[in-house]
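Notebook open, structure loaded. I'm jotting down what I look up as I go.

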Amino acid sequence: MSGENVIMQVIDENREDLIDLSDRVWEYAEVGLQEHRSAEDQARFLEEAGFEIDMGVAGMPTAFVASYGSGKPVIGLMGEYDALPGTSQKLVPDQDPLVKDGAGHSCGHNLLGVASLAGALAMARALDETGAEGTVRYYGCPAEETLVGKVFMVKEGLFDDVDASLCWHPSGLTTVGLGSSSAMNSVKFRFFGRSSHAAGAPEMGRSALDAVELMNIGANYLREHVIEQARIHYVITNGGGEPNVVPPEAEVWYYVRAPERREVEEIYQRLLKIAEGATLMTETTMELEFLSGCYNTLMNRPIAEMIWNNMEKVGPAEFSEEDETFARAMAENFSAEQRDRVIRRVREEHGVDLGDDYLHEGLLPPVEPKGRSGGGSTDVADVSWVTPTAQFSTACSPLGATGHSWQVTAASGMGIGHTGMLQAAKILGLTGWQLLTDPDVLKKAQEAFEEDTREEKYVSPIPDGTPPPLHQLPGH
Ligand SMILES: [Zn+2]
């Protein structure tokens with residue numbers, strides 16, 4: 001049997017086990033760096049399939065690498081399994097948390113991890129069947145939502161010998177995106193003042209909260225004088241205790257994003273000056289905690305083309321009647337505007353009319369992105385700067401359901417998500433297999449990578465000696 005036939009067959013044959021694994025991770029719903037059971041179950045699954053497991057890599061207990069085969073080339077498939085706080089949801093189309101205030105898989109990372117794992121498993125069985133040379137690796141990457149896992153894994157050198165890597169993401173649409181993502185820094189500014197009775201002796205106090213507020217005012221004035229695509233957002237994570245105590249300590253958490261890494265660096269340096277200015281105005285001191293940073297994504301064109309070809313080979317998803325009914329019922333719970341916006345965007349960008357669809361059952365061909373990207377960030381980006389990388393999405397949730405919402409949590413734990421996950425697994429397996437066994441396509445991917453990185457080399461955004469932010473977790 002050809003390697004490609006083995007890939008398709010292994011995923012079909014393991015269908016129930018893969019769904020079961022994904023559902024378990026969905027139920028655990030563990031947030032970033034706490035994904036102990038999720039990582040453990042995935043590692044055990046691959047260990048039983050003959051993979052060699054390296055658990056707790058790059059200083060993170062929930063990060064692991066699973067390898068199968070030997071020698072070159074080395075092809076990496078990336079998986080994630082972190083959930084998001086406050087988005088717990090039962091498998092029903094109306095909002096109803098499974099665990100009150102609990103976390104949920106509202107970004108579908110339970111599907112993300114298991115599809116990549118399934119692709120790696122299928123490639124391993126194809127290696128057995130064909131006797132081909134090469135190594136397949138599954139990267140168990142924790143804490144994607146906080147942009148921690150892969151950035152620290154890259155810094156540790158875990159991707160240095162990888163010849164090409166693949167990732168994907170659950171979405172409402174099945175397509176290959178050619179656009180990038182924003183580079184970003186995530187930093188906490190902690191100010192220290194002097195407490196005092198706010199009414200009795202206000203002149204004795206120096207308010208750390210004042211420093212936070214003045215810093216935010218400075219940052220809000222900065223907005224007018226940065227590039228349009230930049231994004232600066234913050235939350236006050238500590239604003240003091242009671243109004244009658246001048247806050248001796250206060251903290252604000254910032255994200256700075258821009259289309260390219262050097263632009264983030266530039267804006268970040270100016271933000272540091274603003275923080276410094278706030279300390280001068282308030283006679284406070286400041287301590288800075290750099291949590292993480294990431295690059296913008298380099299999408300490898302030759303691999304993206306392979307993915308598209310394989311997407312056509314695997315074909316569009318076929319959702320069950322039950323899934324369709326569920327999606328329709330769910331659509332009544334969000335504004336028609338949400339669904340309309342997606343349908344309008346697809347019409348504008350792809351020239352495809354999704355009409356009355358509630359679930360996307362087609363394939364949208366890749367289109368050139370318009371202008372430079374803004375928007376969200378991903379730590380897949382950092383891998384894309386050290387090895388040729390491409391990613392895609394498959395439909396795993398109803399059209400118009402937004403990421404990080406309870407709607408996506410529900411879809412990720414049922415037929416809708418399972419269907420998209422198994423489709424993604426096949427696309428990953430086939431593309432990975434071609435990269436592993438066809439030296440010509442791998443060479444093309446690597447040449448494109450050389451070209452893309454000729455002028456700018458990757459420098460980890462993480463300052464040397466910075467540990468993964470494990471101490472941020474409850475109980476640390
Ligand atoms: Zn995600």
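Where is aspartate 101 found? I located aspartate 101 in the loop between β3 and α4 (109-130); helices (H or I, at least four residues) and strands (E, at least two) are DSSP runs, numbered from the N terminus.

Before going on, a note on the source: this is a predicted model, where local features need pLDDT of at least 70, side-chain atom pairs count only at pLDDT 80 or more, and totals for chains, interfaces and linings use all residues. Residues are numbered from 1 along each chain as its sequence is written, and side-chain values use heavy atoms, with hydrogens and water left out.

I checked phi for aspartate 101 and got a positive value of about 60°, although it is not a glycine. Aspartate 101 counts as exposed, at 63% relative accessibility (buried means under 20% relative accessible area, exposed over 50%, partly exposed in between, with a 1.4 Å probe and protein chains only).

Alanine 29 is not a glycine either, and its phi is positive, about 45°. I found alanine 29 in the loop between α2 (15-28) and α3 (36-48). Is alanine 29 buried or exposed? Alanine 29 is buried, with 13% relative accessible area.

Next I looked at lysine 72 and proline 73, which are joined by a cis peptide bond with omega about -10°. Proline 73 sits in the loop between β2 (64-70) and β3 (74-80).

**Salt bridges**

Side chains of opposite charge can pair when their charged atoms come close. My search of the whole structure gave 26 salt bridges, each a side-chain nitrogen of Lys or Arg within 4 Å of a carboxyl oxygen of Asp or Glu.

Lysine 72 turned up again here: it forms a salt bridge with aspartate 163, the closest N and O atoms being 3.0 Å apart. This pair links distant parts of the chain, 91 residues apart, with aspartate 163 in the loop between α5 (149-155) and β5 (164-171). Aspartate 163 is buried, at 11% relative accessible area.

Then I followed arginine 190, which forms a salt bridge with glutamate 287, closest N and O atoms 3.3 Å apart. Arginine 190 lies in strand β6 (residues 183-192) and glutamate 287 in strand β9 (residues 285-294), so the pair ties together parts 97 residues apart in sequence. Glutamate 289 meets arginine 190 in a salt bridge too, at 2.7 Å from N to O. Arginine 190 and glutamate 289 are both buried.

**Two domains**

The domain assignment gives domain 1 (3-180 + 296-452) and domain 2 (183-294); such bounds come from an automatic or database assignment. Over C-alpha atoms, the two centres are 36 Å apart. The contact (heavy atoms within 4.5 Å) takes 14 residues from domain 1 and 14 residues from domain 2.

How much area do domain 1 and domain 2 bury between them? I have about 1,100 Å², 46% of it on carbon and sulfur atoms; buried area is the accessible area (1.4 Å probe) that two parts lose on being put together, summed over both. In domain 1, Leu147, Asn296 and Arg372 lose the most area to domain 2, together 49% of what that side buries. I looked for salt bridges between domain 1 and domain 2 and counted zero.
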